[in-house]
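Please keep the sequence and the model in view while reading.

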Amino acid sequence: MYTLGIDIGSTATKGVIMEGGTGIVATAMVDAGTGTSGAQRVLDALFSQSGLSQEDMAYTIATGYGRTRFEPADKQVSELTCHAKGAAWQIPDVQTIIDIGGQDGKAIKMDGMGGMVNFVMNEKCAAGTGRFLDGMARILETSVGNLNDLDLKSTERLRITSTCTVFAESEVISLLSNGAKKEDIAYAIHESVAKRACSLARRVGVNDPVVMTGGVARNQGVVRAIERELGTDVIVPREPQLNGAIGAALLAWQALNRK
Ligand code: ADP
């Protein structure tokens with residue numbers, strides 16, 4: 001029996017089909033979030049990959065910012081619950097989860113056995129989120145996928161002191177016009193995102209293993225900066241951006257078995 005998990009985020013939509021609550025049958029991801037064609041495009045990709053259709057889905061759970069607007073869903077579940085579920089499936093003894101998506105950041109404290117203990121969220125400010133990195137990449141005339149390569153070539157330490165995205169952008173523009181290297185700016189941008197993420201994580205408590213999920217975990221420059229700031233290793237699951245959708249598909253399997 002198949003279950004579908006779909007995570008309709010602020011900037012990207014992610015979907016996973018699982019079989020029997022254990023194996024992943026298909027995955028899809030598009031860079032278009034809530035209010036766009038993202039969800040339909042993810043469904044089309046999932047069904048063409050697997051040769052299945054919505055009728056074959058025994059249970060569907062939607063999560064993410066746009067979850068309430070997804071009609072085929074049997075149920076909507078919060079991102080926190082889905083991320084906790086997905087991360088614990090991938091790293092069963094996870095203690096601290098740092099999740100950074102397009103427009104928010106969260107830290108979740110787990111009990112090491114898959115249960116959520118506590119969480120904190122930053123939903124009010126773009127600083128320290130994917131959107132901040134997307135804006136910075138644009139100013140540096142590169143893509144978010146390339147920020148890590150720049151960071152790796154950094155030789156000089158710079159600091160971005162503004163905590164507000166708009167002021168931080170002005171700061172980066174003035175660094176560029178004063179001749180600072182893009183590589184050093186990328187490193188400083190990652191440090192600034194890491195500081196925000198770590199202050200969230202410290203509020204719930206940091207214990208190993210620490211796992212990072214969400215699209216921003218695909219940026220190894222941010223992951224290394226968090227490791228430096230926390231002084232510990234950070235585990236990134238193989239598909240960090242799919243973590244919420246994986247959690248949703250797993251919870252769909254649980255819901256089915258409860259029926
Ligand atoms: P949401 O669920 O809010 O849409 P996601 O968890 O999907 O957010 O993360 C989106 C963010 O992931 C983007 O804002 C971007 O900064 C980051 N991202 C996406 N792809 C990459 C990539 N290839 N490398 C680095 N960062 C990426």
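Two strands are said to pair if DSSP finds at least two bridges between them, and strands (E, at least two residues), like helices (H or I, at least four residues), are DSSP runs numbered from the N terminus. The model is a predicted one, in which local features need pLDDT of at least 70 and side-chain atom pairs count only at pLDDT 80 or more, while totals for chains, interfaces and linings use all residues. Residues are numbered from 1 along each chain as its sequence is written, and side-chain values use heavy atoms, with hydrogens and water left out.

Strands of a sheet pair through backbone hydrogen bonds, either parallel or antiparallel.

Strand 10 pairs with strand 9 (residues 210–213) in the parallel sense over two bridges, and isoleucine 235 in strand 10 is the bridge partner of valine 211.

We can now turn to the ligand. Around it are 19 residues, of which Ser10, Lys14, Gly102, Asp134 and Gln241 come nearest; a residue is counted as near if one of its heavy atoms lies within 4 Å of the molecule. This shell divides into three nonpolar, 12 polar and four charged residues, where Ala, Val, Leu, Ile, Met, Phe, Trp, Tyr, Cys and Pro count as nonpolar, Asp, Glu, Lys and Arg as charged, and the others, Gly among them, as polar. Helix 3 (residues 130–139) gives the largest share of the shell, three residues.

Which side chains place a polar atom by an oxygen atom of the ligand? A polar side-chain atom of aspartate 134 lies 2.7 Å from a ligand oxygen atom, an N or O atom in the side chain of lysine 14 is 2.8 Å from one, and a polar side-chain atom of glutamine 241 also lies 2.8 Å from one. Taken alone the ligand exposes 590 Å², and the protein buries 87% of that, with accessible areas coming from the Shrake-Rupley method with a 1.4 Å probe.

Notes: A polar contact is a pair of N or O atoms within 3.5 Å; within protein, one must be able to donate a hydrogen and the other to accept it, and residues adjacent in sequence count only if both atoms are side-chain atoms.
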